[in-house]
Amino acid sequence: MTGNRKSWSLWRNSGLLLRVHIDAARLAPRAWLQAAWWRLLGKKVRARARFAPLLSASRYAYQLWLLDEPPLPQGKGNACTVVALVSPGAGAEETMRSALAEGFIALHVQAEVSGACATQIDWSDDPWIMPLAAGDLLARGSGEVYRAFAASARKAGSRVVYADDDLIDSKGGRSNPHFKPRWNEELHRHFDFLTGACMVRLEAADLVGAGGEDWPSQLVARAVAAGQGDPVRIPHILHHRRSRPKPRRPLDVPVSRGDLPRVSVIVPTRNRLELLRTCIDGLEQTDYPDFEVIVVDNGSDDPAVLSYLARLDPSRYRVLRDSGPFNFSRLNNNAAQIATGELLCLLNNDIEMIGADWLAIMAWQALRKGVGAVGAMLLYPDGRLQHAGVVMNICGGAAHAHRLLWPGEAGYFHRHALPQFVSAVTAACLVVRRSSFEAVGGLDEQAFAVAFNDVDLCMRLNQRGWQSFYEPRAILVHHESISRGFDRDPVGAARLAGELAALQLRWRTNDLESEGDPYHHPHLSRYSERFAVQMPGDVR
């Protein structure tokens with residue numbers, strides 16, 4: 001029987017994998033054929049990187065993942081009381097039974113949780129409270145998992161433990177999983193990914209005044225604010241939900257221009273007058289009270305470029321000459337040494353501005369306590385996303401999050417459209433305090449002359465408590481690598497390989513045993529920057 005079950009499992013997995021590939025080929029035939037060709041040529045990493053977002057777009061992708069869903073972690077937690085507060089509505093009784101099956105106390109909640117419901121809770125047990133929507137279900141075994149994580153949460157001073165979730169229909173079919181990041185306070189401001197899939201530690205007084213349809217989110221917000229430690233993530237699907245909150249469109253950044261400090265904008269360049277002029281024209285239209293521009297000329301020999309540089313207004317523009325071999329890190333470091341601004345803005349010469357407020361928005365965020373490098377939403381000239389933050393451990397290195405999405409698409413829970421903390425941002429357009437930049441030694445000229453220098457800088461800033469930040473309300477166009485070209489010649493390819501090896505050595509980006517990027521997820525593919533669900537073969 002065991003052999004028969006194994007054969008059936010293999011047949012079922014193979015059949016579903018075939019359906020996923022057929023779906024992907026139908027949705028994007030040219031991209032699928034290219035990925036298949038790379039696989040035939042033995043270019044496994046490149047093929048997986050192309051296949052991952054294609055396969056995850058299939059309606060069968062999550063069903064394939066569920067066939068090999070990782071088991072819930074085992075381990076006994078300390079005895080603790082968990083009280084499930086269930087909202088009124090269709091399916092409430094089913095939700096109550098689900099909570100009881102996990103060893104929780106289950107209580108019906110009407111409009112107010114501070115009344116009769118609160119009096120039914122034995123607060124002397126220091127209970128955890130789990131608000132649940134009517135119709136939602138708990139995964140089997142989730143009670144033990146929550147209890148196990150509760151102990152570590154108490155030690156850390158956290159009052160919130162949260163888990164992943166998916167959607168469930170009336171027939172029990174599961175879809176649309178949400179594999180969540182580690183705690184991301186800024187993301188939570190715009191997208192409540194906690195309420196409905198978490199438990200919180202509260203006191204009786206915390207329930208006072210909580211009412212209306214959004215009483216669960218009120219309780220969660222109070223627990224987050226009261227905690228001395230960050231909310232604790234359980235990276236497993238413990239909740240099956242009928243619906244979930246949607247992200248809120250971020251409001252305009254409340255910039256007070258009178259409080260903005262001087263910025264030193266650093267623009268490395270070499271020839272390509274049409275690019276440089278577009279960039280400088282955009283700076284001239286930028287609405288910012290006080291900034292200087294340091295153009296680092298890396299050996300331009302085009303007379304038109306030299307004439308253009310000579311005509312720049314010396315009251316705002318300085319030209320720093322550096323005719324040595326191209327080393328992006330050195331060019332920016334040298335300019336930073338003569339900068340006079342409190343903030344630095346590293347800016348590629350192939351950046352095109354499409355609005356006047358980008359620098360004010362980025363500077364305002366860079367001035368926040370605990371924020372390090374701030375990156376913008378960068379678009380390709382055709383309007384698709386080129387950069388929405390950087391994800392570590394993708395293809396053994398690092399990659400631009402959500403690349404090639406259209407800004408209006410939903411993507412992965414609209415993450416590309418929401419301000420949030422990230423592991424790194426690109427230096428194509430990056431704003432950072434000059435004091436922080438200097439404190440970590442600037443860009444690494446030796447290990448990262450051209451590639452990954454921005455990622456390495458951000459990671460070192462993160463280590464010092466200055467976390468990288470993605471700001472999608474600052475939007476620019478990036479004509480990526482037009483002025484320098486891509487590293488397709490043997491010398492450039494060898495240098496890129498060396499810089500990738502340095503990144504892997506320093507930041508363990510190729511370590512499959514590590515959890516990976518804290519703002520990504522272990523169950524998302526490490527071969528796709530598009531936050532694609534992990535497919536068979538991804539982890540090998």
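Reply: The pair to examine is helix α10 (residues 273-284) and helix α11 (residues 303-310), whose axes come within 10 Å and cross at roughly 20 degrees. Axes here are lines fitted to C-alpha atoms, for helices over the stretch in contact, with angles running from 0 to 180 degrees between N-to-C directions. Because angles under 35 degrees count as roughly parallel, over 145 as roughly antiparallel, 65 to 115 as roughly perpendicular and the rest as oblique, α10 is roughly parallel to α11. Helices (H or I, at least four residues) and strands (E, at least two) are DSSP runs numbered from the N terminus.

The model is predicted: local features need pLDDT of at least 70 and side-chain atom pairs count only at pLDDT 80 or more, while totals for chains, interfaces and linings use all residues. Residues are numbered from 1 along each chain as its sequence is written, and side-chain values use heavy atoms, leaving out hydrogens and water.

α10 and α11 make a left-handed crossing, that is, the near helix is turned anticlockwise from the far one by less than a right angle. From α10, Leu 273, Leu 276, Arg 277, Ile 280 and Asp 281 meet Ala 304, Val 305, Tyr 308 and Leu 309 of α11, contact meaning heavy atoms within 4.5 Å. By class, seven of these residues are nonpolar, none polar and two charged; Ala, Val, Leu, Ile, Met, Phe, Trp, Tyr, Cys and Pro count as nonpolar, Asp, Glu, Lys and Arg as charged, and the others, Gly among them, as polar.

The other pair is helix α2 (residues 29-40) and helix α3 (residues 44-56), with axes that come within 8 Å and cross at roughly 155 degrees. That angle makes α2 roughly antiparallel to α3, and the crossing is left-handed. Among the residues in contact are Trp 32 and Trp 38 in α2, and Phe 51 and Leu 54 in α3. This contact has eight nonpolar, one polar and four charged residues.

As to the cores, the largest nonpolar core has 54 residues, of which Leu 85, Leu 194 and Val 200 touch the most other members. Helix α4 (residues 61-67) provides the largest share of this core, five residues. A second, separate core of 44 residues includes Leu 260, Tyr 308, Ala 428 and Tyr 519. Such a core is a set of buried Ala, Val, Leu, Ile, Met, Phe, Trp, Tyr and Cys residues joined through side-chain atoms within 4.5 Å, where buried means under 20% relative accessible area (1.4 Å probe, protein chains only).

Notes
Buried < 20%, exposed > 50% of the residue type's maximum accessible area, 1.4 Å probe, protein only.
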